[in-house]
Amino acid sequence: MFFIFARAVFYKGHFMAENEFERKSKEEYPVLAICYDFDKTLSPENMQAQGYIQSVGFDIDDFWTQSNELAEKNNMDQNSAWMYKMMQEAKGKNVFTKETFERYGSELKLFPGLPEWFGRIKDYAKPRGVIVEHYIISSGLKEMIEATAVCRGDNIEKVFASSFYFDQYGVAVWPAQIVNYTNKTQFLFRIEKGVLDINDPSVNDYFPPEKIRVPFKNIVYIGDSDTDIPCMKLVNSYGGHAIAVYDPDTEDKTKAYRMFSDNRIKYFAAADYRAGSELDGLIKTVIDSVGVDARLDKIYFKKKLEVEESLAKDERSLDERAKDLLIEKLAGSDSFRYTHQIIKELQGYSEWSATQQERLYEAAVNNNQVGLIINDYDIRIFFESLLARGGDSDVEESALAKIVRAMLEG
């Protein structure tokens, strides 16, 4: 469920008036967020190497070599380096537009079982009382990813990826968003809280556990390489499910074995998204466990509320006992000094039952240590306040209350 929040916030040194932020609220049923890298996780090759690099006359290996050298020599982020390299090499060869990226994106290869996987997994989860949402968190280009068959219909909830700023002619002129392997983790926190707009600073707000939309134990991260390790480690450390995938054609599990040995992942499987595959069975098992955990969480939060209400009730009972004890002390006070001290403590309370009020009046009438100094400022203020409150509105002022009123007026 989406909500649009309009408010003025102070962000990055200035007020952003009436911004609209895309946020999701907690659902009635548990949400399982499955987050995917893109290159070599959903697609067998890097997206830039599936037509674009060749179109600007570059050998694929040479392009990456020169891009990485540019980053190293100029202390650049590798992602900003390849984005810059793409722009530079396109000059005079390609019109560097969004439409160009979309054309290349529409031709990207996908692993077997895609894109049918996304809807099928959602359908499996529904009768089990689980809502599945699919997210892509990639260092690749958003414009290409969104043009793939993966993003058709309502398959993908949100794509977080690097992207360009396009001028009024639709030409890419500057990086709008750079997503690298470390800042990928911010998007997991955004998904956790339902704060999906990258400019929404409320991702840093505190959310009590029962208000968290997608707890980390309900997050699955699927990736293929070292660049996915920060996300995998984060998901793992909070009880979620980190899964490494490998190319089903080469069956090279070297990276998966290493990540498993280093406790970066809990599971690994071939990037085969067809029904009946190992990955298919693994995700379905996770869905089943989320449904069970949600029922247990519901019981836990119900018990938590019961305990909180009980503690609050006990706290109120303690207050009542403390007030009753002070009234007893006032009735038995044997010195003016002690009477003033008790009155000071009594003034710390603002609520009195009709019975307690009667007992206070009785102490003023029957204990000379109270009655003789009732017109001292602090004692007078206390009893005037008590008389002003009165008992039940439909009950006539008691005889004791009338005597105290006369004492104050006499």
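Q: Which residues of α3 are buried?
A: Buried means under 20% relative accessible area, with exposed over 50% and partly exposed in between (1.4 Å probe, protein chains only). This is a predicted model, where local features need pLDDT of at least 70, side-chain atom pairs count only at 80 or more, and totals for chains, interfaces and linings use all residues. Residues are numbered from 1 along each chain as its sequence is written, and side-chain values use heavy atoms, leaving out hydrogens and water. The buried ones in α3 are N79, S80, A81, W82, M83, K85, M86, M87, E89 and A90.

Q: How many of the 13 residues of α3 are buried?
A: Helices here are DSSP runs (H or I, at least four residues), numbered from the N terminus. α3 is largely enclosed by the rest of the structure, because its buried residues number ten.

Q: What span should α3 have?
A: The rule is 1.5 Å times one less than the number of residues. Helix α3 covers residues 78-90, which makes 13 residues.

Q: Which residues in α15 meet R380, F383, E384 and L387 in α14?
A: Contact means heavy atoms within 4.5 Å. Across from that α14 set, the α15 residues are A401, V404, R405 and L408.

Q: What do we call the angle between α14 and α15?
A: Under 35 degrees is roughly parallel, over 145 roughly antiparallel, 65 to 115 roughly perpendicular, and the rest oblique. These two helices pack at about 140°. So α14 and α15 are oblique.

How values were computed:
Axes fitted to C-alpha atoms, helices over the stretch in contact; angles between N-to-C directions.
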